[in-house]
Amino acid sequence: MDRRPYEAKLDLKSPNRNISPITSEIDEQGKLMVGGCLLSALADEYGTPLYVIDENSLRTSCKAYKNSLAEHYEGQSLPLYASKANSSIAISTVICQEGFGLDAVSEGELITALKAGIAGENIVLHGNNKSKEELKLAYEQGVNIVIDNYHDIQLLESIVIDKDRPANIMLRLTPGIECHTHDYIKTGHLDSKFGFDPDQLEDVLIELINKKWALLNGIHAHIGSQIFELEPHRDLASVLADALKLAKSIGHPVKNLNVGGGLGIRYTESDDPPSINEWVKCISTSVSNACKERDLELPRLICEPGRSLIAPAGITLYRIGSRKTIPGIRTYLSVDGGMSDNPRPITYQSLYTACLADRPLNEADETVTIAGKHCESGDVLIQECLLPKSESGELLVVFATGAYNASMSSNYNRIPSPAAVIVGDGMSDLIQQRQKPEDLLSFDLLPKRFER
Ligand SMILES: Cc1ncc(COP(=O)(O)O)c(C=O)c1O
């Protein structure tokens, strides 16, 4: 028998609508492959836990954003990758090759993007408490700096000495739209640490018009993450268009409207996010209509997807170890990673789907709790996971771990960070080395007076 797709109903155009990467296949022996690579072979070669990124899923998602923007938005557009989702030189390089800019929130993310060859003018720096060093680097590299508060204005003013080369800035506002996955609310004021309140907008725009060191070239807002509804984005377009109109009436030459990110993905069967094309169509038509209604020239449309680009491209491989059955209560299967490589379940009670790498289609006949190896009772990756009865030493695949896993990982319990590989066309390449326990000691210092 030939290889066949792992998921029966696969959306090949919008990877965020699948649980597994789009290249997931079952080989002749019934084992799971991704990117043309047998997962058990990857685990043997690189060890576990292992982050695996499917290049094809990532590039397909990038192309879906680019093509949909070209199809649905009449003006110019630039998609940015929200690199907080997963920042590395290799991923940023793929992003750059696909014609994306990048959103960074720290010096680390900024230097990663620059190293990957992304031009400063295609980078946006966010943050509610940027340091002087971060602002200086961003200014020197011609990065667009998103002004989040008055502190940013004061710091930047002290940095920009060459008044002939003003800083390119965007203004972040709190749009008063709060999203949860399945509902949302509109409020006048949102309890958020990010951005200017709508009431402050006029004052800050008036203050900035007199600052020769600043060129306000964009308005930004972001309403949240893992959003399945389209309606909030329509409301956002109106809020942004109002702000654009106000900024222009005050004399700012604003050319960019940045709607942030937020499109959700399918972590479990019950998740049903819109496709990338539907999301882009919605933001494109909403921004166009809102601008036309206000007699505004179409701005360049910027969006900042993170999760929907990289999460569906990623899986994590774990080796199953101990088993503990508490009769009448539950069976714990423990794996060799957990909350240090994926803090989302313990932080947000996030749900995931898993299977056995070498027996993905075997009949699932037991419900187990997948526990991590950390010294924390809450270190559980999946509360209720339906699997075939497994043996210690088998390989577990957790899907959709490409976003906010590696980038939010820690060394809790002094557990080293996993390696990461990128796979495509049957090839695999390391993109992040596995840490060794000794690496974790390399920043420790012993005061002389404690030496014996
Ligand atoms: C300002 C901003 N832009 C973009 C994103 C990316 O969001 P997502 O990963 O949901 O697309 C975030 C994430 O929270 C964000 O804070």
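Tutor: Here's a quick tour, from the domains down to single residues. This is a predicted model, in which local features need pLDDT of at least 70, side-chain atom pairs count only at pLDDT 80 or more, and totals for chains, interfaces and linings use all residues. Residues are numbered from 1 along each chain as its sequence is written.

Student: OK, how is the chain divided into domains?

Tutor: There's domain 1 (4-53 + 314-440) and domain 2 (73-305); the bounds come from an automatic or database domain assignment. Their centres, taken over C-alpha atoms, are 33 Å apart.

Student: And how many residues are in contact between domain 1 and domain 2?

Tutor: On the domain 1 side 21 residues, on the domain 2 side 16. Two residues are in contact if their C-beta atoms, placed from the backbone, lie within 7 Å. The domain 1 side divides into ten nonpolar, eight polar and three charged residues. For those classes, Ala, Val, Leu, Ile, Met, Phe, Trp, Tyr, Cys and Pro count as nonpolar, Asp, Glu, Lys and Arg as charged, and the others, Gly among them, as polar.

Student: Which residues of the largest nonpolar core touch the most other members?

Tutor: Ile 145, Leu 240, Leu 317 and Val 397, out of 123 residues in that core. A nonpolar core here is a set of buried Ala, Val, Leu, Ile, Met, Phe, Trp, Tyr and Cys residues joined through C-beta atoms within 7 Å. Both domain 1 and domain 2 give residues to this core, so it lies between them. And a residue is buried if 20 or more other C-beta atoms lie within 10 Å of its own, exposed if 12 or fewer, and partly exposed in between, with C-beta atoms placed from the backbone.

Student: What is Leu 240 in contact with, leaving aside neighbours within four places in sequence?

Tutor: Ile 219, Ala 221, Leu 257 and Val 259.

Student: Switching to the ligand: which residues come nearest?

Tutor: Ala 82, Ser 225, Gly 261, Gly 306 and Arg 307, of the 15 residues around the ligand. "Near" means that the C-beta atom, placed from the backbone, lies within 6 Å of the molecule. By class, that shell has four nonpolar, eight polar and three charged residues.

Student: Now helices. Which residues of α4 are buried?

Tutor: In α4 (residues 107-115) they're Glu 109, Leu 110, Thr 112 and Ala 113. Seen down the axis, they fall within an arc of 165°, so they line one face of the helix. The arc is that of the directions from the helix axis to the C-beta atoms. Helices (H or I, at least four residues) and strands (E, at least two) are DSSP runs, numbered from the N terminus.

Student: What's on the face turned away, and what do the buried residues of α4 pack against?

Tutor: The face turned away carries the exposed residues Gly 108 and Lys 115. The buried ones pack against α3 (89-97), β7 (101-104), β8 (123-125) and α5 (132-140). Just after α4, Gly 117 takes a positive phi of about 90°.

Student: Which residues of α5 are buried?

Tutor: Glu 134, Leu 135, Ala 138 and Tyr 139. They cover an arc of only 130° around the axis, which puts them on the same side of α5. On the other side, Lys 132, Glu 133 and Glu 140 are exposed. Elements covering the buried residues of α5 include α4, β8 and β9 (144-147). Just after α5, Gly 142 has a positive phi too, of about 70°.

Student: Where does Ala 400 lie, and is it buried or exposed?

Tutor: Ala 400 lies in the loop between β21 (395-399) and β22 (419-424). It counts as buried, with 29 C-beta neighbours inside 10 Å. Its phi is positive, about 60°, although Ala 400 is not a glycine. Tyr 404 is in the loop between β21 and β22 as well, with phi near 55°, and is buried with 24 other C-beta atoms within 10 Å.
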